[in-house]
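The following paragraphs lead through a protein model, from its overall form to individual side chains. Please keep the sequence and the three-dimensional view at hand while reading.

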Amino acid sequence: TMAQELTTLPSKIANQQDKIDRALKDYELLKNESFEYLPEQRREMREIVDLAIKSNAYKMTENDIVRYRGFMLVAPAGMIPLSPYIWLIRNGKYFLEIGDSELGNLVRIDNFIDNFDKHVEKLQRGLDNLVGRKEYIENALTKPDPYSDRIEELQSKLEKIDRKLGVKDDK
């Protein structure tokens with residue numbers, strides 16, 4: 001019900017705000033950092049990430065892979081090979097789907113980091129949606145039933161008709 005949903009929204013909003021705060025800290029750090037990797041270093045990173053993801057499939061523990069561009073790349077627990085992903089962890093923890101291409105995975109990680117501001121915007125939209133939903137439910141629960149006036153009017157008409165017809169309600 002809406003009343004039950006309303007009780008869960010404050011904690012969801014607080015959790016989303018915490019994610020935003022952490023992401024903003026990471027974003028500030030990213031703006032002030034510069035990481036340059038030589039082609040050989042990038043090749044080594046690709047190999048390390050690829051091997052770690054493949055070897056961690058179905059494992060029950062997370063495994064730190066390597067620190068890359070300020071983030072710890074982590075192979076998640078319980079990942080299945082059909083839908084691989086990694087965590088990027090710094091102040092926040094960020095989910096990133098990856099594929100089965102060694103070269104493509106490092107590009108995906110770079111794109112995520114390079115476009116981190118879009119991730120922060122996505123988190124903010126999520127918070128706006130939660131706050132909007134909370135306000136909508138609060139308004140819906142505080143205003144009277146929109147049909148109550150109409151129901152009363154129709155019940156009154158029905159009672160008049162019942163009296164004219166001599167029908168008695170035995171309930």
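Residues are called buried under 20% relative accessible area, exposed over 50% and partly exposed in between, with a 1.4 Å probe and protein chains only. By this scale K134, with a relative accessible area of 24%, is partly exposed. The model is predicted, so that local features need pLDDT of at least 70 and side-chain atom pairs count only at pLDDT 80 or more, whereas totals for chains, interfaces and linings use all residues. Residues are numbered from 1 along each chain as its sequence is written, and side-chain values use heavy atoms, with hydrogens and water left out.

The protein contains five helices and four strands; these are DSSP runs numbered from the N terminus, helices being H or I with at least four residues and strands E with at least two. Along the sequence their order is α-α-β-β-β-β-α-α-α. The C-alpha atoms occupy a box of roughly 95 × 35 × 25 Å along the principal axes. The radius of gyration is 28 Å, while a compact globule of 171 residues would have one near 16 Å; the radius is taken over C-alpha atoms, and the globule rule is 2.2 Å times the number of residues to the power 0.38.

Of the 171 residues, 29% are buried. The accessible surface amounts to about 11,900 Å², and carbon and sulfur atoms account for 53% of that surface; such areas come from the Shrake-Rupley method with a 1.4 Å probe, and for residues only the protein chains shown count as cover. Contact means heavy atoms within 4.5 Å. Among contacts with a separation of 6 or more, 51% involve residues 24 or more positions apart.

The interior may be considered next. A nonpolar core is a set of buried Ala, Val, Leu, Ile, Met, Phe, Trp, Tyr and Cys residues joined through side-chain atoms within 4.5 Å. The largest such core has 35 residues, and I65, L73, I86, L88 and I109 have the most contacts inside it. At least two residues of this core come from each of helix 1 (2-31), helix 2 (39-56), strand 1 (63-68), strand 2, strand 3, strand 4 (93-97), helix 3 (102-114) and helix 4 (116-142). Helix 4 contributes the most, with six residues. Apart from neighbours within four places in sequence, I86 touches I53, I65, L73, V74, P76, Y94, F95, L96, I98 and I109.

N105 counts as buried because its relative accessibility is 4%. Beyond neighbours within four places in sequence, the contacts of N105 are D50, I98, G99 and D100.

Side chains of opposite charge can pair when their charged atoms come close. A salt bridge is a side-chain nitrogen of Lys or Arg within 4 Å of a carboxyl oxygen of Asp or Glu, and the whole structure holds 13 of them. In one, D50 pairs with K54, with the closest N and O atoms 3.0 Å apart. These two residues are four apart in helix 2 and are therefore separated by about one helical turn. D50 is buried, with a relative accessible area of 10%, whereas K54 is exposed at 55% relative accessibility.

The salt bridge between D110 and R69 has an N to O distance of 3.1 Å. D110 lies in helix 3 and R69 in the loop between strand 1 and strand 2, so the pair ties together parts that are 41 residues apart in sequence. Both partners, D110 and R69, are buried. R42, R69, D110 and D114 are linked in a network of salt bridges.

E138 is partly exposed at 32% relative accessibility.

The last stop is the surface. Y58, I80 and L82 form a nonpolar patch there, with about 390 Å² of accessible area together. Patches are made of residues with over 30% relative accessible area and no salt bridge, like charges being joined within 9 Å and nonpolar side chains (Val, Leu, Ile, Met, Phe, Trp, Tyr) within 5 Å. I80 belongs to the loop between strand 2 (71-75) and strand 3 (85-89), and counts as partly exposed at 37% relative accessibility. P144 is in the loop between helix 4 and helix 5 (148-165), and is exposed with a relative accessible area of 61%. Although P144 and M2 are 142 residues apart along the chain, their C-alpha atoms are separated by 14 Å.
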